[in-house]
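Please describe the aromatic contacts and the sheet of the protein shown here, with the criteria behind each term.

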Amino acid sequence: KKKQEISWKVPIYHVPAYPSIGDFQAKTSALIRKHWVPLFEQYGVKVAFEHHNHAFKRTYALLKDQIADAGIVYIGDGGWGSSPRKKTESRFYLETRKASSCFSLLTVTSTSLHVDTYDERDTLIDTWKAKPE
């Protein structure tokens with residue numbers, strides 16, 4: 001709340017609210033959706049980085065657990081430095097997903113936020129840019 005004047009707020013945490021693998025209703029994921037996601041939505045978060053599942057995913061923009069242009073994009077599911085999971089799961093909120101070790105490069109300026117994701121062969125596998133206000 002004290003940082004409302006900051007243009008870009010980017011939470012980074014371990015267990016995903018919106019997993020690409022595993023149980024959507026898992027205890028920690030459900031608690032993040034219940035307690036953290038409403039704060040992200042209230043304070044203008046545009047992108048959040050999630051980890052834990054050793055794969056790559058990018059969600060559609062989500063608001064109140066629904067696809068919405070004004071929502072938050074969740075990127076990640078981690079996996080650099082470990083073997084990727086064999087498969088990701090199809091879910092309504094996943095715009096793209098891949099069983100891959102990868103890393104995301106976040107570029108931030110005062111007016112833009114851009115994420116490029118590369119696999120271990122330095123191949124660009126995804127790109128996303130925050131929509132202007």
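## Aromatic rings and an open sheet

At 40% relative accessibility, Trp 36 counts as partly exposed, a class that lies between buried (under 20% relative accessible area) and exposed (over 50%), computed with a 1.4 Å probe on protein chains only. The model is predicted, so that local features need pLDDT of at least 70 and side-chain atom pairs count only at pLDDT 80 or more, while totals for chains, interfaces and linings use all residues. Residues are numbered from 1 along each chain as its sequence is written, and side-chain values use heavy atoms, with hydrogens and water left out.

Phe 40, by contrast, is buried, with a relative accessible area of 10%. Both Trp 36 and Phe 40 belong to helix 1, where they are four residues apart, about one turn of the helix; helices (H or I, at least four residues) and strands (E, at least two) are DSSP runs numbered from the N terminus.

A search of the whole structure finds nine aromatic pairs, and two of them are set out below. Rings of Phe, Tyr and Trp (its six-membered ring) pair if their centres lie within 6.5 Å, with planes under 30 degrees apart counted as stacked, over 60 as edge-to-face and the rest as tilted.

| Pair | Centre to centre | Angle between planes | Class |
|---|---|---|---|
| Tyr 18 and Tyr 74 | 4.8 Å | 50 degrees | tilted |
| Trp 36 and Phe 40 | 6.4 Å | 55 degrees | tilted |

Because Tyr 18 lies in the segment before helix 1 (27–42) and Tyr 74 in strand 5 (residues 73–76), their pair ties together parts that are 56 residues apart in sequence. Tyr 18 is buried at 1% relative accessibility, and Tyr 74 is buried at 0%. Together with Phe 24, Phe 92 and Tyr 93, these two tyrosines form one aromatic cluster.

The charged end of Arg 33 sits over the ring of Phe 24, 3.7 Å from its centre, and also over the ring of Tyr 18, 6.0 Å from that centre; the criterion is NZ of Lys or CZ of Arg within 6 Å of the ring centre and within 35 degrees of the ring normal.

Elsewhere, three strands form an open sheet in the order 7-8-9 with antiparallel pairing, where two strands pair if DSSP finds at least two bridges between them. Strand 7 (102–108) and strand 9 are at the edges, each with a single partner strand, so one side of each is left without a neighbour in the sheet. Strand 8 (residues 113–119) and strand 9 (residues 124–129) pair over five bridges, and Thr 117 has Asp 126 in strand 9 as its bridge partner.
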